[in-house]
Amino acid sequence: MAETDIDDLIDIIEKEGNLDNVPTNIPMMPIRDVVIFTDMLLPLFVGRDKSIKAIEEAAKTDRYIFLSAQKDSDLETPGQDDVFQIGTVGRVQKMLKLPDGRIKALIQGIVKGRIEKFEKKRSCFKVKVELLKEIDLKDKELGIEVQALMRNVRESSEKILALRGELSGDVGLLLEQIDSPGKLADLVASNLRLKVQDAQDILETFDQKKRLAKVNDFLSRELDLSTVQAKIQTHVKDEISKTQRDYYLREQVKAIHRELGDGDDKLIEIDEYNQKIKKAKMPEESEKEAFRQVKRLDQMHSDSSEAGIIRTYLDCIIEMPWAKSTKDSLDIIKAAQILDSKHYGLDKVKERILEYLSVRKLNPSMKGQILCFAGPPGVGKTSLGKAIAKAMRRKFVRISLGGIRDEAEIRGHRRTYIGAMPGRILQSLRQCGTNNPVFMLDEIDKLGNDFRGDPSSALLEALDPEQNSEFSDHYLNVPFDLSNVLFILTANMTDTIPSALLDRMEVIRITGYTREEKMVIAKKHLLPRQLKENGLIRRSIHISDGAMESIIADYTMEAGLREFERKIGTICRKIARQVAEGKKGKFTVTQQSLTKFLGPPIYLIDMDQDESQAGLVTGLAWTEFGGEPLYIEVSLCHGKGELAVTGQIGDIMQESARAAFTYTKANMDKFKIDKDDFDNKDIHIHVPSGAIPKDGPSAGIAMATALISAFTGKVVDNKVAMTGEISLRGRVLPIGGLKEKALGALQAGIKTIIIPEKNRKDLYDLPSSLKKKLNFICVQNLDQVLEVAFLKQEDSQIDDDKQEEKYSQIDGNNLEENEKLDNDLEPNNTKDSEKEFTTESEMED
């Protein structure tokens, strides 16, 4: 009833209106979001031009206006089809023009009407209306059902108003004085919160009984909603009252405990937090933030969700090792002994660690260093970090960065998020309990990035010695000093590491191990570890040096040691089974018995490389797993002089092939190549293993040598490998990864390597054992390459004679010779000087 003045309504209803004076040609005003009923008094704010003109025209005459609801309230300029045909004739009681141009009008509903015709449409609507008068029913004419409906409507209306707190005596009097079911239905409907369509449906229902029944249905639904709403409000009010009461009682209990000298649980908790913060010895800024959070916790309810978040934060910030650190062991000689006992070789890495300890001993305030171990898998990067931690007597922490794409993994989540936690760096420091561990960030080259941020950019602050003294984590939101941490990063390759991040590291390359180094490592570390893991004792098994060399050469092809250790583990498991089955004695593994444990050799020299050929050259390639030989083949066939390059090689090697071809063609007179060969023959350069992508700037001289060999028919020595890029003038350009390539060549049985002259300086870093086994020839131009690579005429003839002799021995008519050859090729040759696998009771195959 907020929109209707009750006294005015009583006067309106009691007054017998004379409807004969109501005109039928009157202005029409569309109204939005409301339906006007008869006897309804409603203030309207009129702002649309047509509506303002309709009000003004009605005010000039007898103040009557037709009010019809819009079908779509969003329309600013409704047409004659956009309003309902049935509406209410109203009378403008008061009108006031507002400063903003709008009009405030108080309008009273008089009688229902139906639009018969639109007389005027331009400036404002003017319609011809059919008045729809209702007949007032007397008490005698009202049936029992209608009277019951009227009583139910009155009672439901009073209940709703009572639930809303709007019931007064005047309202009850008004409802009792209305004896017409139609007027009662209109009055109640005008005060219900009905949708426009529902209100219009009631307005268009002319049967008073049906209209009252519809209003009664809406009243019942509204009564249920109001009841539930009142129940919810009462429950909320009770909860608030209970909370206020509990808080008041809790404060009283606190006051009583203070008087008695005792403390409640919350006071004890707050006191414990304060003491822990003082013991943590935080920096001033962090301590201030911690005390501020404790004060917040003290002011809120213990069971609130926010209190739990603050407790988690306080536990985290207190447990951070602000002032806890381990004392470094700065005994350089002892540190060197520990490093030597854990790792064989890697002299350059060990030297760098001992230098760091020496400087640390002389300058204890030195900032932490950031080292990056780059090398193939299995060369001992992670285990070397553990050895460094042991040598320095520091704790060792390792996290893997492979596949991390979210910046929050490094910097942490902000506390506004549910389940927020610190970044992985601070989490690891919290778990290890010291602020100066050896911290290994593994697989730094495999970081990712996406819409959640760039973790490599977040690492810049942590790894920069000039910034990490105030590393900011989003969760803690206070600076933490990382300058005492010795960060060690590992990567298989540095190409994928962002340049800004790479600039903050000292890269130490661990290229791989020679066969001799692998032999020593196997005896000192790998074999004892596998014996322990498989439950065997050291004296129960012996693997001969020949068997070890065969495992390295024939069963593995890697720069590291993982596959090598797996093969040793396979042998140990097979022996462990024999022991478990009751076999006793000492088990000896020789080169001849190796096939019983590991099967036939896996890595064999390519068949084409058994002999020297024209158009076949051995190059050298660098991969993230180490170095390996790269065979380049060239074939000529009749055609139109087209060049084809295959083998899934990248753009750089494609350019190397074209440069080599251009150099060969430009110097055909020098190499005595017939010009017709370039015009009438197609040239096909192929790099085998076509399923493996290959690229890099080091195959130029190999391709040029293969091209010249194919055109001239000169044979290339199969024991010579080469690496280097070529220019169009025949200069040999420098390359990278020399040690890895040298190890790969040695693994493949190659004895001579041609390298660029500018790579002579890299020979200094190669192990002396490697330089003794390989003959490195430094060249400046391709002429020097060809001089070494091509076999001399007599050498070539000797190779041809050997080849003919070899094939002459394989005569299908001589069965005895064939059987002998098969025995020579049998891997399990019993003529070896070493004793086969033996036990006290012979082991079954």
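**Exercise 1. Which residues in H8 meet which residues in H10?** Work out how the two helices cross as well.

*Solution.* A word on the model before we start: it is predicted, so local features need pLDDT of at least 70 and side-chain atom pairs count only at pLDDT 80 or more, while totals for chains, interfaces and linings use all residues. Residues are numbered from 1 along each chain as its sequence is written, and side-chain values use heavy atoms, with hydrogens and water left out.

Step 1: find the helices. Helices are DSSP runs (H or I, at least four residues), strands are E runs of at least two, and both are numbered from the N terminus. H8 covers residues 265-280.

Step 2: get the geometry. The axes of H8 and H10 cross at roughly 25° and come within 10 Å. Axes here are lines fitted to C-alpha atoms, for helices over the stretch in contact, and angles run from 0 to 180 degrees between N-to-C directions. That makes H8 roughly parallel to H10 (under 35 degrees is roughly parallel, over 145 roughly antiparallel, 65 to 115 roughly perpendicular, the rest oblique). The crossing of H8 and H10 is left-handed; that is, the near helix is turned anticlockwise from the far one by less than a right angle, whereas clockwise would be right-handed.

Step 3: list the contacts (heavy atoms within 4.5 Å). From H8 come Glu269, Tyr273, Lys276, Ile277 and Ala280, and they meet Arg311, Leu314, Asp315 and Ile318 of H10. Sorted by class, that contact has five nonpolar, no polar and four charged residues. (Ala, Val, Leu, Ile, Met, Phe, Trp, Tyr, Cys and Pro count as nonpolar, Asp, Glu, Lys and Arg as charged, and the others, Gly among them, as polar.)

**Exercise 2. Describe how H19 and H20 pack.**

*Solution.* Step 1: H19 spans residues 545-555 and H20 spans 562-580; their axes are 10 Å apart, at an angle of about 125°. That makes H19 oblique to H20.

Step 2: the handedness of the H19 and H20 crossing is right-handed.

Step 3: H19 brings Met548, Ile551, Ile552 and Tyr555 to the contact, and H20 brings Glu563, Phe564, Lys567, Ile568 and Ile571. The class tally for H19 with H20 is seven nonpolar, no polar and two charged residues.

Step 4: take a look at Thr570, which also lies in H20. Thr570 is buried, at 19% relative accessible area (buried is under 20%, exposed over 50%, partly exposed in between, with a 1.4 Å probe and protein chains only). Leaving aside neighbours within four places in sequence, Thr570 is in contact with Phe597 and Leu598.

**Exercise 3. How many aromatic pairs does the structure hold?** Then classify a couple of them.

*Solution.* Step 1: there are seven. Rings of Phe, Tyr and Trp (its six-membered ring) pair if their centres lie within 6.5 Å; planes under 30 degrees apart are stacked, over 60 edge-to-face and the rest tilted.

Step 2: Trp322 and Phe480 have ring centres 5.0 Å apart and planes at 55°, so this pair is tilted. Trp322 sits in the loop between H10 and H11, and Phe480 in strand E11, 158 residues apart. Trp322 is buried at 11% relative accessibility, and Phe480 is buried at 2%.

Step 3: Phe661 and Phe678 are edge-to-face, 5.9 Å centre to centre with 65° between the planes. Phe661 is in H22 and Phe678 in H23, so the pair ties together parts 17 residues apart in sequence. Phe661 is buried at 13%, and Phe678 is buried at 3%.

Step 4: Phe661 and Phe678 form one aromatic cluster with Phe711.
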